[in-house]
Amino acid sequence: MQRWLLSVLSVCVLSAPAVAATPPWARTETRAACANSQPLRQAFFGDVHIHTRFSADAYIFGTRVGPRDAYDFATGGTIAVSDDDEQQTRSASIDRPLDFAAVTDHAELFGEVDRCITPGSPAYEVNLCQLLRKVEQTADEEFLTTVSWLFPLGIPNPPTGLSMCTDTPGVDCDAAAISVWQEMQAAAEQFYDRTDACRFTTFIGYEHTPSPLGRHRHRNVIFRNQHVPPIALSHLDTLPGGVPQGLWNALDAQCLQAGTGCDAVIIPHNSNRSGGEQFVDPTDAADALRRQTFEPLVEIHQIKGNSECRFDRLAGLGVGSTDDLCTFEQMIGAHEGPDATDVGVNDFPRRNLIRPTLEDGLGFEQTLGANPFRFGFIGGTDTHDATAGAVDERTWIGGQGRNDGSAASLIGGNLRTNPGGLAVVWAEENSRDAIFAAMKRRETYATSGTRPQLRFFAGDLSDVTCGAADFLARAYATGVAMGGELGPLRGRKSPRFAVWAMKDPGTATAPGTDLQRLQIVKGWVDASGATHEEVVDVAGDANNGATVDPATCAPQGLGAAELCTVWEDPHFDPLQRAFYYVRALENPSCRWSTRVCQQAGVDPFAADCAAQAAAAPAAFGDCCLNTSTDRFLSPTIQERAWSSPIWYRPDAVARLRGRVGFGRRTGRDHVALRFQLAERPPTWDLKRDAFTLSITDDDTIFSLAVPAGGLRRHGKRWSYKQRTGGRVTLTITDRPRGAIVALAANGIDLSNAAREDHPVSVTIATGVFRAEHNRWWRSRGAGLAPETK
Amino acid sequence: MIRRLGRAPLTHFALLGALLWWSWHPAPESTAPASDATLLLHSARAFGLDHTDAAIRHRLATLGGFVGEDASDRTALIDLARRLHLDRSDLIVQRHLTQMMELAAAQVPPAEYPTDAELTRWLSAHAAEFTVPARMRFTHVYLSRAAHGARLTSDAATILTTLQREHVSPQDADLPGEPFLSGREQGPLTRAAIERSFGSAFADALERAPLAAWFGPVASPFGLHVIWVSERRAAEMPSLTAVRGRVVHGWLHERGLQHAAERLTALRAH
């Protein structure tokens, strides 16, 4: 072949995909598209774990502000915060507004007056409800004024003729209006920017809060849009179905299958306080798959501690780990309550921690065929002051009302709490649909409160280079982003892992801290089922000498404004299930408590700290704890970010080749696909189970559903032919270890496909086995095709 | 430690004995004017909400179960809790009753629903809250401090001169510089959003940047940037249609607060 022709072909193959506009999600809301939309996605910072006075505990703590105040705070407003005496004498604000937020008050004890207006409900015939219904005819009855207050908006005769009831997103006049749940929805709508400016996004959500004997099995429920169940399903409602299965069942019935456009994600959190009960063993493969589906994310960091991992520096031991950076923001007890005693590393529940839980998830996938613990990561505050996103170590005044009502209370009672973290999503635009889609695909990361930007990809990535202008486009075309899954590559070589981080720019008065290094954390399970982990520094310098000025807490020494690397795993085994995530570390900075103690005259850095503490009020006695005297605390910390993991599965879709071709007339399109499963999934039973294959972007481009028993066996080959709506042939050929799947479909309608470069997913499902291949496909001639890497 | 224990839910139950003692020896009636919360609480009880609301019943059953012998009879547990006056003393019960009445007090009767004209007036009165600040769309050529080191300033000056002299289009695929993590094309972004991503000095400089011309270099915490501002959008007031949901809920909330104040005043007068 002529050299010039080779050159032209190589340019065609290797050039970056043109930037397109079709995102991999459908718009489900009435709203303007965002003017600022980036197909290669942008980072949005938020907090989806916020409590206000509607949470019983927050109210007890003295918090008197509600959801509207929380959203106002998140967008830069100032709100009142309780002092030690429950007086609202303090105030707080943040200097960097959030991009998105969700108030998640505890659903327990929200109240159920709204059921009074629902014929057939248990409460319908009680006296209160009868009074409610007849109030219009009883103008002079006793308690008239009070009763009339309880008359909700438009009930029982919704004024549907009013435009606000029919045209306004978020205004549902068919629902009862007097309930905390309705107030939370109204607050979310009042602060959601539906214009093309897309300045702030709210999500309707709540917390589901079972705490048997102080073991937190808490979960936040975040809804995609304004279509939500009529009541917030608390654990009181779902307890008979079990924890968390009762919640899954209820959400399935009242949201996902309700036919209302409702969708939701469930986010477990605070597992570090769960006494090992947050992530229990799945009952079976179906249970594991349900958890993976309902719970795509986990909150890895919040006010009440970090849940990634745990290391006791004085004992020199970790919980299944030798990672000494796991001393970060640890609480003492393994659960809450009067019986929560100090637990040593050897007795600390493994499932309180997310890294070992992810490792166990690989083991379940190996034995059951489904991974119950396939979590992406976010951070949150869990503030009970409504102070959404108040995560700055420099200005934090606590997050638990009067419990943190003064410096003395904060240091004396809650020294081991911290400001909490942020949730970051990679989304095309700042809207509910875009952010929710990012949450579902786990393209999210957590920070401990600062705002570094972090990208993470894995795959072939053979032409992805740090410093190249087409880094992102090539990475999306030839690999998967954080949160995705990956199958074997050609030659069974190690995937390449591309990591790119930029420091938090900070503000004019508080510049961001330089990055120190990037680490890749790998967990894997071997053939015997034993789990392992490894932490590798892949960029930056752990010994860059940076520290803080003990007098001012100002940073001393330099780090990096950005770090980028492409790494291969030297110990990669193509037969071992593994996950990889990035931990990005900043240079040291002062912990919040250091500043508060210094202001109280007790300097944790001072040689005579103990003497200073002796002269100060007793509450400040623990200010001098440091790395020599405490297992976890230190006057300085390293703020950090955790990418969602990327999962390597030997039985994931690999080496996919394909093409979607558009004919000249409707119904004359065709599709051809061929890919490998290098390992046959453990639950694979083509004779017994149905088999589905779908190709999707923002719509379903093509879908094939083979009923159970529909595949016919011919030796090592299984086939299915469909002659309605075109000619479709699916063949699955057994190989010694895995299988090859091939699809040919002609004379079909693929008009749902966007005809431009854009993200496309190929998904297969049979029994409890699921596999997904997500890449950018390129528009080529009259068709679409993925890169063949 | 004491405060941590105080926060723990189990502690609340452990303190039940104290509550029981308190409920048998109630504090004398205060002669001070009742607070709003007290008025709402009394109203809720007068209305019987403490007997009918499912959440209250659940709470009382839980409290009753703590001291009751037969945990299977929910009604008996609730009755036991009431005999022990826990429906009067439990803070969570009080909070719930108060909040339900508070919400009820702020309800706007359907007859008062706003017309579009009223909503338009309300939107005008809250223009500052709804006005979208000026936004700009720009392309930036990024020179990282790490890549250019000591040559950073001179390299940036050279690139700026070259881009200007050769009239290089911002859409040119071969623009010099390093890739930027959030991309080369930015916006349209408000000043606040630019400041959050690039720092305040950068945002200040962009305010002065000319339209459709290469400008800079501009410093950020990451390095230097040569800028092309392709679009400036003036601050704009959205139409009522674009922000109807926010306006309706803002209006209802504001009117609801008025109603709540009026109803409390009326109640106080009784």
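Predicted model: local features only at pLDDT ≥ 70, side-chain atom pairs only at ≥ 80, totals over all residues.
Good morning. A search of the whole structure finds 35 aromatic pairs over all chains. One of them joins A:Phe279 and A:Phe373 in an edge-to-face arrangement, with 5.9 Å from centre to centre and 65° between the planes. Where in the chain do these two residues lie? A:Phe279 belongs to the loop between strand S7 (264-268) and helix H10 (285-294) of chain A, while A:Phe373 belongs to the loop between helix H11 (354-368) and strand S12 (376-379) of chain A. The pair thus links distant parts of the chain, 94 residues apart.

Let us turn to accessibility. A:Phe279 counts as buried because its relative accessibility is 0%, and A:Phe373 is likewise buried, at 0%.

A:Phe279 also pairs with A:Phe375. The ring centres of A:Phe279 and A:Phe375 are 5.2 Å apart and the planes meet at 45°, so this pair is tilted. Because A:Phe279 is in the loop between S7 and H10 and A:Phe375 is in the loop between H11 and S12, the pair ties together parts of chain A that are 96 residues apart in sequence. A:Phe375 has a relative accessible area of 0% and is therefore buried.

In chain B, one aromatic cluster is formed by B:Phe138, B:Tyr142, B:Phe180, B:Phe198, B:Phe202 and B:Phe222.

Finally, I come to charges over rings. The charged end of A:Arg64 is placed over the ring of A:Tyr59, 3.9 Å from the ring centre. A:Arg374 lies over the face of A:Trp647, at 5.2 Å from the centre of that ring. Thank you for your attention.

Notes. Residues numbered from 1 in each chain as written. Chains lettered and ligands numbered in written order. Heavy atoms only, no water. Phe/Tyr/Trp six-rings, centres within 6.5 Å; stacked < 30°, edge-to-face > 60°. Helix = DSSP H or I, 4+ residues; strand = E, 2+ residues; numbered from the N terminus. Buried < 20%, exposed > 50% of the residue type's maximum accessible area, 1.4 Å probe, protein only. Lys NZ or Arg CZ within 6 Å of the ring centre and 35° of its normal.
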